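Please read them with the structure open.

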Amino acid sequence: MPGTVQSIERAAAILRMLAGGPGKLSLAEIARSLDLAKPTVHGILRTLQGVGFVEQDRVSGHYQLGAALLHLGTSYLDINELRSRSINWADPLAARSGEAVRIGTVLEGRVLVVHHVFRPDDTFQTLDIGTLMPLHATALGKVLLAYRSAALPPARDPFTHRTLTGERDLSAELTHVRDAGWAADIEEFTVGEAAIAAPIRGYGGLVVGAMGISGLVERICDSRYRPHARLVGIVRDAARAVSRDLGATR
Amino acid sequence: MTLGSRDRYVIAIDQGTTSTRCIVFDRRGQLVSLAQQEHKQYYPRPGWVEHDAMEIWRNVERLAPLALRRAGITLDQVAAVGIANQRETTVVWDRRTGVPIGRALVWQDTRTDALVTALLAKPGATAVQERSALPLATYFSGPRLRWMLDHTPGLQQRAERGEILFGTMETWLIWNLTGGLHVTDVTNASRTNLLDVHTLDWSPESLTFFGIPRAMLPEVRPSVSVFGTAAAAFPGVQIAAALGDQQAALFGQTCFTPGEAKCTYGTGSFLLLNTGTDLVRSQNGLLSTVAYQVAGSPAQYALEGSIAITGSLVQWFRDQLELIASAPEIETLARTVKDNGGCYIVPAFSGLYAPHWRSEARGVIVGLTSYITKGHLARAVLEATAWQTREVVDAMNESSGLTLKTLKVDGGMTADNLLMQYVADVLDVPVVRPLASETVSLGAAYAAGLAVGYWPDLEDLRHNWHRAGQWLPAMDAGLRAAEYGNWRRAVERTFDWIQPAG
């Protein structure tokens, strides 16, 4: 067994103290109880605060457990929070690409659409926030599968003759997605339509959602039936911008 | 993103209540870069809110090069600068040194409470309200200026000698940008109680009523016109528009036709309805205001319904009740239940604004039973914003004789899908969100670009407007009527809570 990391052990001790204690604790109390120097404890607390595991009272300056700890294990990011934080980047993506934008997360083995921006051509379109899409047949779903070690959904319906349903084909595709950093679906869900998606990352780089565009295959793809590099670039830029706002690179 | 080196852009300065932003827009009205800086809020006493006007100007100076750098452009690529500003905030400064006299009194400041009561008792008060098409209220800048003249020794005399200047935020910024041009625009001037809304100039009678010397007032100009050329912050660039922020949002939403309306959902919410060249006087609690004026054309007017507490009710739910950790989670919590369970929250925290204007009202939560959960409360919080919108829309339809057919929305709360659906349900009209959430800045940019010919006409601006989302009404008419009835009964229960002293 490799050696242990001292600062993580200390962080764990601080969290145990905060969880066991009666309410909020001051920096001095924590440092005294653990027999550590105050700057050491302060550094650890600041880091824990940064990832949301610890909160500091605005008035007293005392520390307590943070809300993010309560959601640990569900890798939780509130879907309405995700929409709210991405709306300023989803709009420019729709404007620049000329296509509809969707943001998705995983819900019970499917993609849940949490945000949808219309294709900016003022045609009649319907908001499909709250609808579910298959993981294996959509660009959004492939991104979510590729970055989540979640098992492939057992039932993989063929929506078109191009839908990847075989386990080996899909695994190879997901490896490719991880390598490239983005996914596409080209007439795999709906004939005549294609989509591009990229991961949205939260704290520590954890993928919390996927963001992408979809539209007619002749607009999304070039003459060789491959997604336009320009569109891939702006989708990835937009997803990175949201990730930055969510604290992915700190 | 690659930008052609010859491309030209328009810049908006959005001088808001909590921050100042410089935003670069391209020809399609898309945001290219943004630089933002918050400024300090001073609360010296309960009900007093102040800003340091010099700090705000320094922020503009700092943000200007930052916005250009982030866009990767140079000054010669800037076609024009437009200003949108927090309205009714009052600044007074020394004409010679340019130094503000004390802090700016912010629109939320209610220190003129007693002064307004005294003014209302004075002869001529009715005529002042008639000419300005505004009630005499602490909300507007005229009483604030009177208060400053009363409470700064020697200021009245210095003002009469022309040594002291008054302005709202756009006037202060243009003065500093141009190095000494003292001007305002019709929309900001229409929020002072001092403007004659028909002549669009200061009313001599109203100035006499307030005892305010004409010498300290800026010249009133159309909103969409070249005010002058900047000497600082954007040296050499034309300042080509100024609008109050809510009027700028109306312009940014391209509501150029009578009957078009927008609602900006923020801390409070502001619904403005374009009434064209007719000034419509409301008998039911709406404000008549100038929407905009293009140089050489008649002014366009608007009816305005101001709702004090909308987004701030969600903030209260988060910070004071601590039932959610972040504002967007209100929707998650509200979705844990299928309806309000019979519970209604009327957030009359500091009285009710439009259409009731009841300053003695205070908030209520009604319909509480042991069945009610925090999910029902969350629903009631969101529904309060929708029903308050409905009350304002009803008053608008009644006052204007126009019937609202679609509501264009913007602001932070439009990210709340449940709320937007509920607004569509209770209004029974489609609610649409444009592909540009920064409508205040966009409106200032549009107005400035229009003034210098960057965009040829209003029609061209309309082509930039695209629908990003739409919510269609889906509520049963019977349910809507029943819920509205309940809401109105809840509102009645807020009245007469604060008892007159003595």
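1. A caution first. This is a predicted model. Side-chain atom pairs count here only at pLDDT 80 or more.

2. Overall build of chain B. The chain holds 16 helices and 23 strands. Its radius of gyration is 22 Å, close to the 23 Å that the globule rule gives for 502 residues, so chain B is as compact as a globular protein of that length. Along the principal axes, its C-alpha atoms fill a box of roughly 65 × 65 × 40 Å. Of the 502 residues, 54% are buried. Take the contacts in chain B between residues at least 6 apart in sequence: 72% of them join residues at least 24 apart.

3. The six-stranded sheet of chain B. In which order do the strands of this open sheet run? The order is β3-β2-β1-β5-β14-β13, and the pairing is mixed. At the edges stand β3 (31–38) and β13 (224–229). Each has a single partner strand, so one side of each is left without a neighbour in the sheet. Neighbouring strands are turned by 25 degrees against each other on average, with direction ignored.

4. β13(B) pairs with β14 (residues 238–244) of chain B over three bridges, in the antiparallel sense. V224(B) has A241(B) in β14(B) as its bridge partner. Helix α9 (residues 245–252) of chain B packs on the sheet and touches β5 (78–85) and β14 of chain B. The direction of α9 makes about 105 degrees with that of β14(B). Helix α1 (residues 53–71) of chain B lies across β1 (9–15), β2 (19–25) and β3 of chain B. Relative to β3(B), helix α1 runs at about 150 degrees.

5. The seven-stranded sheet of chain B. This sheet is open too, with mixed pairing. Its order is β17-β18-β16-β15-β21-β22-β23. Which strands stand at its edges? They are β17 (287–292) and β23 (467–471) of chain B. Each has a single partner strand, so one side of each lacks a neighbour in the sheet. The twist averages 30 degrees from one strand to the next. Within the sheet, β15(B) runs parallel to β21 (residues 407–410) of chain B, joined by three bridges. C263(B) stands opposite V409(B) in β21(B).

6. A lysine to look at. K262(B) sits in strand β15 (residues 261–265) of chain B. Is K262(B) buried or exposed? It counts as buried, because it has 28 C-beta neighbours inside 10 Å; the cut-off for buried is 20 or more. Leaving out residues up to four places away in sequence, K262(B) touches K408(B), V409(B) and D410(B), among others. Its contacts also include A249(B), L250(B), Q253(B), C255(B) and L272(B). V431(B) is 169 residues from K262(B) along the chain, yet their C-alpha atoms are separated by 9.6 Å.

7. A buried loop proline. P218(B) lies in the loop between α8 (204–210) and β12 (219–221) of chain B. It counts as buried because it has 22 C-beta neighbours inside 10 Å. P218(B) and V183(B) are 35 residues apart in sequence, but 4.5 Å apart in space, C-alpha to C-alpha. Leaving out residues up to four places away in sequence, P218(B) touches G167(B), T171(B), H182(B), V183(B) and T184(B).

8. Domains of chain A. The assignment gives domain 1 (6–70) and domain 2 (79–245). Their centres, taken over C-alpha atoms, are separated by 39 Å.

9. Strand pairing in chain A. β3 (residues 100–107) and β4 (residues 110–117) of chain A run antiparallel. Seven bridges join them. V101(A) has V117(A) in β4(A) as its bridge partner. Two residues lie between the strands of this hairpin, where E108(A) takes a positive phi near 45 degrees. β4(A) also pairs with β5 (residues 132–134) of chain A, antiparallel over three bridges. There, L112(A) is partnered by L132(A). β4(A) is mostly covered, with six of its eight residues buried.

10. The contact between the chains. Chain A gives 18 residues and chain B gives 19. On the chain A side, helix α5 (residues 79–97) gives the most, with ten residues. The residues on that side divide into ten nonpolar, three polar and five charged.

Notes:
Residues are numbered from 1 along each chain as its sequence is written. Chains are lettered from A and ligands numbered from 1 in the order in which they are written. This is a predicted model: local features need pLDDT of at least 70, side-chain atom pairs count only at pLDDT 80 or more; totals for chains, interfaces and linings use all residues. Helices (H or I, at least four residues) and strands (E, at least two) are DSSP runs, numbered from the N terminus. The radius of gyration is taken over C-alpha atoms; the globule rule is 2.2 Å times the number of residues to the power 0.38. A residue is buried if 20 or more other C-beta atoms lie within 10 Å of its own, exposed if 12 or fewer, and partly exposed in between; C-beta atoms are placed from the backbone. Two residues are in contact if their C-beta atoms, placed from the backbone, lie within 7 Å. Two strands pair if DSSP finds at least two bridges between them. Domain bounds come from an automatic or database domain assignment. Ala, Val, Leu, Ile, Met, Phe, Trp, Tyr, Cys and Pro count as nonpolar, Asp, Glu, Lys and Arg as charged, and the others, Gly among them, as polar. Axes are lines fitted to C-alpha atoms, for helices over the stretch in contact, and angles run from 0 to 180 degrees between N-to-C directions.
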